[in-house]
Amino acid sequence: DESLSAVLAQDKRVRMVSFTGGGNAGRKIAMAAAQDFKRTAMELGGKNPLLVLRDYDLDEAVKTAGLGAFSNQGQLCMATSRILVEEPLYEAFCEKLRDYALSLKVGDPTDPDVFIGPLIDERHCDFVRSQVDDAVAKGAKLLCGGTHEGPFFRPTVLCNVDESMRIFYEESFAPVTSVIPVKDADEALAKCNDNLFGLSAAVLTHDLDRAMELGMKIEAGMVHINDLTYLSSTTAPCGGWKESGVGREGGQFSMDDYTELKWLTFQSNRPW
């Protein structure tokens, strides 16, 4: 609620504001908090990339990508929304990810067989559908999904996505993922960093030296090797770069944000 956020951000009794949510709301809250120089911690949106290198097992890569993209209907700030696949694996990867998405049951989340439940509301479904339509109109290939019934958006896989399309840059927050072909790891890195967000990323490869090199160069607050884009820990620093926010949650990193640092000295024997 923006009115509640404004009250908290402007009340002089509040010395620090923490927010998890969208970038537009986060920007307004940070601006309001800045009037009194309040400290802020912002965990905002993401357009999280998964880099699939040619040496990785195809079936494992598809399973990792599918879980990352479609768990909790994609309504995770760290969901896998861009998948950058080296060309030798690309065609087979797209087909297998389509089959994976089609195997997911959509419906009432209280049904234990259902994997895809509803989005927050039907209005958001219309927004996501506009992203998909824009991509298809500009040359993307819709392998499955792209439609919704009420608030239930079907798991969607788009291939041949490029920088001309809104969905390459915009967060969807839905069970929608874009598969992007790349010639090599260097091109994957360049496309990975071509985004205003920098929350989470993952790299799938058995070349650990290459993985570490890419992990250090990816512009994101969290990078996971041979795992999902979304991981959490009570002790690890959770947070992002760029428009994905400021500050970190977890362990001592939260303590740094939520406490004030003070230098206190005591002299028992004056030297003068």
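Partly exposed, on this tour, sits between buried, under 20% relative accessible area, and exposed, over 50%. Keep those cut-offs handy, and remember that the model you have open is predicted.

**Stop 1**

Select Asn-72, in the loop between helix H3 (58-70) and strand E4 (80-86). Its relative accessible area is 41%, so Asn-72 is partly exposed. Check the backbone too: phi of Asn-72 is positive, about 55 degrees, although the residue is not a glycine.

Now click on Gln-73, which is in the loop between H3 and E4. Gln-73 is another non-glycine residue with a positive phi, near 60 degrees. Is Gln-73 buried or exposed? With 10% relative accessibility, Gln-73 counts as buried.

**Stop 1: the whole chain**

Zoom out. The protein chain has nine helices and 14 strands, and its C-alpha atoms fill a box of roughly 80 × 45 × 40 Å along the principal axes. Of its 272 residues, 46% count as buried. Take the contacts with a separation of 6 or more: 65% of them involve residues 24 or more positions apart.

For a sense of distance, pick Ser-268, in the segment after helix H9 (251-258). Ser-268 counts as exposed, at 66% relative accessibility.

**Stop 2: the largest pocket**

Colour helix H2 (23-34), strand E2 (39-43), helix H5 (122-137) and strand E14 (245-246), each of which gives two or more residues to the lining. Which element supplies the largest share of that lining? H2 does, with six residues. Sorted by class, the lining of the pocket has nine nonpolar, eleven polar and five charged residues.

**Stop 3: along H5**

Stay with H5, one of those lining elements. H5 runs for 16 residues and reaches 22 Å from first C-alpha to last, close to the 22 Å expected at 1.5 Å a residue. At its start, look for Asp-121, where a side-chain oxygen comes to within 3.2 Å of the backbone nitrogen of Arg-123. Then show the buried residues of H5: His-124, Cys-125, Val-128, Gln-131, Val-132, Asp-134 and Ala-135. Their packing partners include strand E5 (141-144), helix H6 (166-169) and strand E9 (176-182). After H5 comes Gly-139, with a positive phi near 115 degrees.

**Stop 4: the cavities**

Finally, go inside. The structure holds three cavities of 30 Å³ or more. The largest cavity has a volume of about 90 Å³; among its 14 lining residues, Gly-74, Leu-76, Ala-79, Ser-81 and Phe-173 are the closest to its centre. That lining has seven nonpolar, six polar and one charged residues.

The second largest cavity holds about 60 Å³ of space. Select Pro-49, Arg-82, Phe-197, Gly-198 and Ser-200, the closest to its centre of the 14 residues that line it. Strand E3 (48-52), helix H7 (185-193), strand E10 (197-198) and strand E11 (200-204) each supply at least two lining residues here. By class, the lining of the second largest cavity divides into seven nonpolar, four polar and three charged residues.

Note on methods: Residues numbered from 1 in each chain as written. Predicted model: local features only at pLDDT ≥ 70, side-chain atom pairs only at ≥ 80, totals over all residues. Heavy atoms only, no water. Helix = DSSP H or I, 4+ residues; strand = E, 2+ residues; numbered from the N terminus. Nonpolar A, V, L, I, M, F, W, Y, C, P; charged D, E, K, R; others polar. Expected span 1.5 Å × (residues − 1). Buried < 20%, exposed > 50% of the residue type's maximum accessible area, 1.4 Å probe, protein only. Contact = heavy atoms within 4.5 Å. Polar contact = N/O pair within 3.5 Å; in protein donor to acceptor, adjacent residues only side chain to side chain. 1 Å grid on protein atoms, 1.4 Å probe; cavity = no way out; pocket = protein on both sides within 12 Å on 5 of 7 lines; lining within 4 Å. Points joined across faces, edges and corners; volume = space filled by probe spheres on them.
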